[in-house]
Protein chains: 2
Amino acid sequence: MSVAHGGDTPLYLGIDGGGSKCRVVIVSADQQVLGEGLSGPANPLRGMKTATDSIISATQQALTCAGLAFNDMARLTVGAGLAGLNVPQYFKMFSDWQHPFKALHLTSDLHIACMGAHQGQDGAVIIIGTGSCGLAAVNGQLIEVGGHGFPYGDNGSGAWFGMQLLHKVLLSLDQLAPATLMTELLQQQLAVQDTMALVSHFMHATPTTYARFAPLVFTAAEAGDDTALQLVTQGAGFITAIARRLLNARPPRLSLIGGLAPKLLPYLPADIQQQVTPALQTPELGAIWFARQSSSAQSIALSL
Amino acid sequence: MSVAHGGDTPLYLGIDGGGSKCRVVIVSADQQVLGEGLSGPANPLRGMKTATDSIISATQQALTCAGLAFNDMARLTVGAGLAGLNVPQYFKMFSDWQHPFKALHLTSDLHIACMGAHQGQDGAVIIIGTGSCGLAAVNGQLIEVGGHGFPYGDNGSGAWFGMQLLHKVLLSLDQLAPATLMTELLQQQLAVQDTMALVSHFMHATPTTYARFAPLVFTAAEAGDDTALQLVTQGAGFITAIARRLLNARPPRLSLIGGLAPKLLPYLPADIQQQVTPALQTPELGAIWFARQSSSAQSIALSL
């Protein structure tokens with residue numbers, strides 16, 4: 001074991017816990033990445049045992065990777081950004097967790113994504129992945145918009161685009177709306193022609209199922225399909241509304257994150273595109289910034 | 001037991017099997033209603049055992065009510081309109097059923113609703129309940145549009161309106177869209193103020209959950225709320241498109257059925273409103289027409 005992370009120097013663990021996977025990173029006091037780990041879902045919606053098992057398993061990987069012992073878990077000051085923690089009941093469940101760490105600071109996955117994107121400084125992010133949501137962190141204030149879940153929220157997200165695609169295709173197949181290139185693209189991708197077979201593919205669809213088909217809307221729009229272009233305009237409108245609301249708080253930077261972000265960016269108004277800057281760091285490194293700031297705020301509070 | 005339904009006269013059983021309940025009626029050869037029965041879901045989506053148990057239980061009720069014995073089940077010529085039977089796999093499962101009846105003729109719940117509405121004659125129906133769909137029966141041809149399921153289909157239905165209401169309320173609470181009276185109406189009905197509490201009510205929402213809130217959209221629209229009025233216009237647009245498509249087939253009559261039909265009717269274009277006529281009979285009596293026509297078609301086929 002090197003002197004740099006000997007028994008008395010502080011160690012930080014950053015956790016990005018999402019609905020499908022958990023990424024963690026161990027960072028030294030002098031900001032060196034020592035080890036990383038990856039495991040399954042760490043979202044309390046899947047149950048506390050699944051979530052905490054995922055966190056411990058990814059942490060053990062990261063400790064091994066850093067040349068540390070499992071016992072060193074007790075030395076880690078942890079920042080955890082977890083999906084679902086905005087629900088008070090899940091926040092309470094995690095606050096009550098008898099965790100094995102030195103300290104555990106909890107926030108949402110959206111918050112650490114924002115802290116990572118702007119290296120712990122003020123800024124705003126919009127996540128456009130399977131779901132969609134936005135957050136601005138300015139002068140210690142957090143403004144959160146969007147999200148809320150599917151199908152009534154997560155507007156302009158991958159799930160939203162995929163569901164709208166199916167909606168428009170079915171209207172067209174029923175001769176209730178004009179023909180659209182999206183019909184052929186969807187039939188091709190699923191390798192079925194028949195309406196009933198198309199629909200049966202979505203009978204128990206999750207947001208992830210729908211999101212898989214979102215890129216087809218952009219393919220059709222780029223080929224000049226009117227219906228697809230209307231959908232892209234509508235989706236971009238939702239993201240634009242989120243962006244304007246966040247920019248009202250005057251964040252110094254704005255980043256778009258998530259698989260659909262590069263596809264939607266060209267359809268946003270020019271003045272918003274100009275303000276978008278790349279995310280500087282990952283969410284799990286954002287969780288490290290959160291851990292540092294939370295523990296130093298705590299030290300200040302204790303010394304007062 | 002009266003002579004009217006003695007051992008050798010034909011008896012008909014009409015079944016309207018939906019996702020939440022099963023209604024049956026026994027009718028004599030001279031069109032007298034002899035008995036009725038009601039039970040749980042008869043939709044094969046819930047499993048064949050649940051569906052067939054519901055059918056048998058409602059039939060036993062109707063036989064008792066008619067002063068007939070359970071053994072008389074073997075005398076019944078049955079017409080059954082079942083939700084989900086448009087899916088080939090479920091049609092096959094019901095066709096293979098070792099049923100206790102004299103004969104069993106199968107079709108969709110939509111088809112028997114249409115036959116009931118027009119007393120077995122040609123015509124068209126649009127059902128606007130928890131879901132939405134339309135059918136025209138003209139010169140032996142069936143044209144079916146809409147339906148397909150929620151959230152991508154069932155446009156303009158109760159589930160669609162309830163989901164759109166929540167969508168608009170959340171946009172408004174996030175300050176991404178103008179204020180709407182629907183927010184107060186929803187908060188009142190659920191007796192919660194907080195956004196998180198509102199959303200958590202819909203976390204595992206079914207189409208039925210959403211449909212419960214559809215009437216609030218109409219209340220707000222009637223009070224002059226712009227957002228609600230836009231939704232009603234959009235929903236009425238979907239139903240209008242279905243109506244125009246069905247009227248293309250020149251059905252002699254058009255009926256609107258389902259809980260939301262009276263609410264939506266005033267928002268349809270005048271030329272469509274003028275063509276709407278009340279449904280003459282219930283779907284289960286439509287199933288009786290279907291049983292009579294199917295069995296006489298069979299007799300003709302056998303005698304050729």
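Student: What percentage of the interface residues of chain A are also interface residues in chain B?
Tutor: The model is predicted: local features need pLDDT of at least 70, side-chain atom pairs count only at pLDDT 80 or more, and totals for chains, interfaces and linings use all residues. Residues are numbered from 1 along each chain as its sequence is written, chains are lettered from A in the order in which they are written, and side-chain values use heavy atoms, without hydrogens and water. With contact defined as heavy atoms within 4.5 Å, the copies meet through the same surface, because the proportion of chain A interface residues that are also interface residues in chain B is 100%.

Student: By what turn can chain A be laid on chain B?
Tutor: The superposition is by least squares on the C-alpha atoms of residues with pLDDT of at least 70 in both copies. The RMSD is 0.1 Å and the shift along the axis 0.0 Å, with a turn of 180 degrees. The two copies are thus related as by a two-fold rotation axis, and the turn asked for is 180 degrees.

Student: Which residue of chain A comes closest to the rotation axis?
Tutor: The residue lies in the loop between strand E8 (141-146) and helix H4 (158-173) of chain A, where helices (H or I, at least four residues) and strands (E, at least two) are DSSP runs numbered from the N terminus. Its peptide bond from A:Phe150 is cis, with omega near 10 degrees. Its C-alpha is at 3.5 Å from the axis, and the residue is A:Pro151.

Student: How are H4(B) and H9(B) oriented to each other?
Tutor: The axes, lines fitted to C-alpha atoms over the stretch in contact, with angles from 0 to 180 degrees between N-to-C directions, come within 11 Å and cross at roughly 150 degrees. Since angles over 145 degrees count as roughly antiparallel, H4(B) and H9(B) are roughly antiparallel.

Student: Is B:Arg250 buried or exposed?
Tutor: B:Arg250 is in the loop between H9 and strand E9 (254-257) of chain B, and its phi is positive, near 55 degrees. Buried means under 20% relative accessible area, exposed over 50%, and partly exposed in between (1.4 Å probe, protein chains only). At 71% relative accessibility, B:Arg250 is exposed.

Student: What is the relative accessible area of B:His148?
Tutor: B:His148 is in the loop between E8 and H4 of chain B, and has a positive phi of about 75 degrees although it is not a glycine. B:His148 is partly exposed, with a relative accessible area of 26%.

Terms used:
Parallel < 35°, antiparallel > 145°, perpendicular 65-115°, else oblique.
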